Amino acid sequence: MSRSPDPHLPEPHSIRRHLVLIGFMAAGKSVVGRSYAARAGLPFVDTDELVVERHGSIADLFTARGERYFREVEARTVAAALESPVPAVISLGGGAVLDSGTQQLLAGTTVVFLDTDLATVLPRISRSGHRPMLAPDPVRRWQELATARRPVYESLADITIDTRGLTVPAIIDRLTSVLTKGED
Ligand SMILES: Nc1ncnc2c1ncn2[C@@H]1O[C@H](COP(=O)(O)OP(=O)(O)OP(=O)(O)O)[C@@H](O)[C@H]1O
Ligand SMILES: O=C(O)C1=C[C@@H](O)[C@@H](O)[C@H](O)C1
Ligand SMILES: [Mg+2]
């Protein structure tokens, strides 16, 4: 399928390796990844979306089969995306990087950690019925998961973008600037 870059946005550029977006729930991995890919004229993959296409909603999968099964499905889905030879922008689910196999595969990619904080994501997660990991208290659970996962995100990141206070286009500008200066 041919992909045309958005004509309203600056020049697209190519990537040699997958560009993988990681980070906390509701940090913007999906929305930023999709927009960045459109701007750069690159293929886009959202691994949560692939899981949903193949298995139905993540919330239903958690209810029917439990988190362990979801993580197995997620790890297989992520591995298939990361093993694809065509460089793509790939947005992962928030917990995908906890899998050791996924961590190894990420070594051959450019990993972008979209950093954020509770105040920023609060309006996004307050009514988070579709995120089972945040039940039953989204704010408390987000904080617990963020504290536990921050070191993992930081250790895997080639590029970290502090997204606090930034619009999606501003985040994309920042990422484009880092990548085109060859700082990846
Ligand atoms: N910088 C931003 N400014 C304003 N809204 C944003 C920003 N980033 C994300 N959002 C909004 O926050 C919500 C969550 O974003 P998104 O789904 O991209 O997060 P995610 O990191 O992919 O989360 P998950 O881990 O659940 O997949 C969406 O409604 C999105 O439009
Ligand atoms: O952070 C997590 O553990 C999750 C994040 C979402 O992207 C989904 O992958 C799922 O809801 C689990
Ligand atoms: Mg997402």
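Which residues does Leu106 touch, not counting residues up to four places away in sequence? Here is a quick tour, with that answered in point 2.

1. Ground rules. This is a predicted model, where local features need pLDDT of at least 70, side-chain atom pairs count only at pLDDT 80 or more, and totals for chains, interfaces and linings use all residues. Residues are numbered from 1 along each chain as its sequence is written, while chains are lettered from A and ligands numbered from 1 in the order in which they are written.

2. Leu106. Leu106 sits in helix α4 (residues 100–106); helices here are DSSP runs of H or I, at least four residues, and strands are runs of E, at least two, numbered from the N terminus. Its contacts are Val20, Val111 and Leu156, leaving out residues up to four places away in sequence; contact asks for C-beta atoms, placed from the backbone, within 7 Å. Leu106 counts as buried because it has 23 C-beta neighbours inside 10 Å (buried takes 20 or more other C-beta atoms within 10 Å, exposed 12 or fewer, partly exposed in between). Leu19 is 87 residues away from Leu106 in sequence, yet the two C-alpha atoms are 9.6 Å apart.

3. Ala26. Have a look at the loop between β1 (19–22) and α1, where you'll find Ala26. Ala26 has a positive phi of about 70° without being a glycine. Most residues other than glycine have a negative phi, and most peptide bonds are trans. Ala26 is also buried, since 22 other C-beta atoms lie within 10 Å.

4. A cis bond. Ala135 and Pro136 are joined by a cis peptide bond, with omega about 5°. Pro136 belongs to the loop between α5 and α6.

5. Ligand 1. There are 18 residues around ligand 1, and the closest are Gly28, Lys29, Ser30, Val31 and Gly94; to be near, a residue needs its C-beta atom, placed from the backbone, within 6 Å. Two or more shell residues come from each of α1 (29–40) and α7 (168–180), and α1 gives the most, with 3. By class the shell has 7 nonpolar, 7 polar and 4 charged residues (Ala, Val, Leu, Ile, Met, Phe, Trp, Tyr, Cys and Pro are nonpolar, Asp, Glu, Lys and Arg charged, and the others, Gly among them, polar).

6. Ligand 2. Around ligand 2 you'll see Met25, Asp48, Ile58, Gly93, Gly94, Gly95, Arg131, Pro132 and Met133. That shell splits into 4 nonpolar, 3 polar and 2 charged residues.

Definitions and conventions
Contact = placed C-beta atoms within 7 Å.
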